[in-house]
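Dear colleague,

A summary of the findings follows it.

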Amino acid sequence: METLAPFLEVIDEIKEAGGDPFQLCFQCGLCDTVCPWNRVRDFSMRRLVREAAFGLTEIEGEDIWRCTTCGRCPSQCPRGLGQIEVSQALRRVATEYEVFPASVKSARSARASVISEGNPLQGERASRGDWAKDLDVKPFESDMEILYFVGCYFSYDPRMKKVARATANILNKAGVDFGILADKENCCGESIRKIGSENVFIDLAKTNIKTFIDAGVKKILVSSPHCYHTFKNEYPEFMVNFEVIHMSEYLLDLINAGRLTLTKEMDEIVTYHDPCYLGRHNNIYDAPRLLLEKVKGLTLLEMVDHGKNSLCCGGGGGRIWMDTPQSERFSDIRLKQATDVGAKVLVTSCPYCITNFEESRLNLAYEDILEIRDITEIINDML
């Protein structure tokens, strides 16, 4: 039997990058049983952690880039191992040496765009607020009720701009005194951090924090669960705490407070997809469902994988910027699950999920079978 000697220098480098948790793993393999990758191909997080413990990680390979940070394996781990932290540490090492497989090179373009224009979609910084040009949307001022932090996808992507516009319409109808930062807004940095570019994330966080403080921001409304998670759970690393609320919770509050009234009906069978960063990472499961139940005529049915067991769309962990073969897309499975329960509308509340679901809808030729909607669009239509 061959005896493997640990590569101590590599182990130390992984530890320095934040990969310490690998020491807790006792190789039970529960992480592999829940990983969504094993629905489309063979992949072992257990093996990845074991290789890290011996300094044998192949940073040139695809595997360290597969983790979508969906949160399924940490929720199952009996030792409380931070598999996401290990994966992120390995990517930091690879990024430091500029080692990227072909499928990840598009993520480098996203990183370059963030550095130059403040967003990963290669949109011009000056046009960040253009989605609101013909709407009654004002620049944020310190005495306003809330800052609407729009986010990159909602500012630049043609499909997601519709959600931003629906959001502004709802806020105006509810009489909310809100504003946006427009070209002063930068990417929150969540996905950039997950692809190993820690220094870029730190720069983004510090820039955003300074902008918030200088503008007198106290309460931040976001549409993206990734922005929500970053502002709420990661920015406190920089000794700041802003009140952060996701749009699904805020809409429910507005309706319950009598500031919004839903007057129309929606006679449709609907199913709701829990985004990983809203559900497992932040435990927001009830608000979106309670919101949908406010809609008259709507029938809400649950898919096989829902709540804490929701199936990842495949876009987290920076995967939204990487190339995934069509045969390995979790989003295809999710759409099939939606149609299996008889849903005509698949509702969610995350730009990555909507982007992946819309692509799968085309790939599966589901255009006439299933509609993809953000929960904000549903509520806006009911006003």
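**Helix packing and aromatic pairs**

In this predicted model, helix 3 (residues 45-54) packs against helix 5 (residues 83-96) at an angle of about 60 degrees, and their axes lie 11 Å apart. The two helices, helix 3 and helix 5, are therefore oblique to each other, and helix 3 passes helix 5 in a left-handed crossing. Helix 3 contributes Met-45, Leu-48, Val-49 and Ala-52 to the contact, while helix 5 contributes Gln-83, Val-86 and Leu-90. Of the residues in this contact, six are nonpolar, one is polar and none is charged.

Turning to the aromatic residues, a search of the whole structure finds 14 aromatic pairs. One of them joins Tyr-153 and Trp-321: the ring centres are 5.7 Å apart and the planes stand at 15 degrees, so the pair is stacked. This pair links distant parts of the chain, with Tyr-153 in helix 7 (residues 152-156) and Trp-321 in the loop between strand 7 (299-301) and helix 14 (330-340), 168 residues apart. Tyr-153 is buried, at a relative accessible area of 9%, and Trp-321 is buried with a relative accessible area of 9%.

Tyr-153 also pairs with Tyr-352; here the ring centres are 5.8 Å apart and the planes at 70 degrees, so the pair is edge-to-face. Because Tyr-153 lies in helix 7 and Tyr-352 in helix 15 (residues 351-363), the pair ties together parts that are 199 residues apart in sequence. Tyr-352 counts as buried, at 8% relative accessibility.

Finally, one aromatic cluster is formed by Phe-149, Phe-201, Phe-212, Phe-231, Tyr-235, Phe-238 and Phe-242.

Yours sincerely

Key: Residues are numbered from 1 along each chain as its sequence is written. This is a predicted model: local features need pLDDT of at least 70, side-chain atom pairs count only at pLDDT 80 or more; totals for chains, interfaces and linings use all residues. Side-chain values use heavy atoms; hydrogens and water are left out. Axes are lines fitted to C-alpha atoms, for helices over the stretch in contact, and angles run from 0 to 180 degrees between N-to-C directions. Helices (H or I, at least four residues) and strands (E, at least two) are DSSP runs, numbered from the N terminus. Angles under 35 degrees count as roughly parallel, over 145 as roughly antiparallel, 65 to 115 as roughly perpendicular and the rest as oblique. A crossing is left-handed if the near helix is turned anticlockwise from the far one by less than a right angle, and right-handed if clockwise. Contact means heavy atoms within 4.5 Å. Ala, Val, Leu, Ile, Met, Phe, Trp, Tyr, Cys and Pro count as nonpolar, Asp, Glu, Lys and Arg as charged, and the others, Gly among them, as polar. Rings of Phe, Tyr and Trp (its six-membered ring) pair if their centres lie within 6.5 Å; planes under 30 degrees apart count as stacked, over 60 as edge-to-face and the rest as tilted. Buried means under 20% relative accessible area, exposed over 50%, partly exposed in between (1.4 Å probe, protein chains only).
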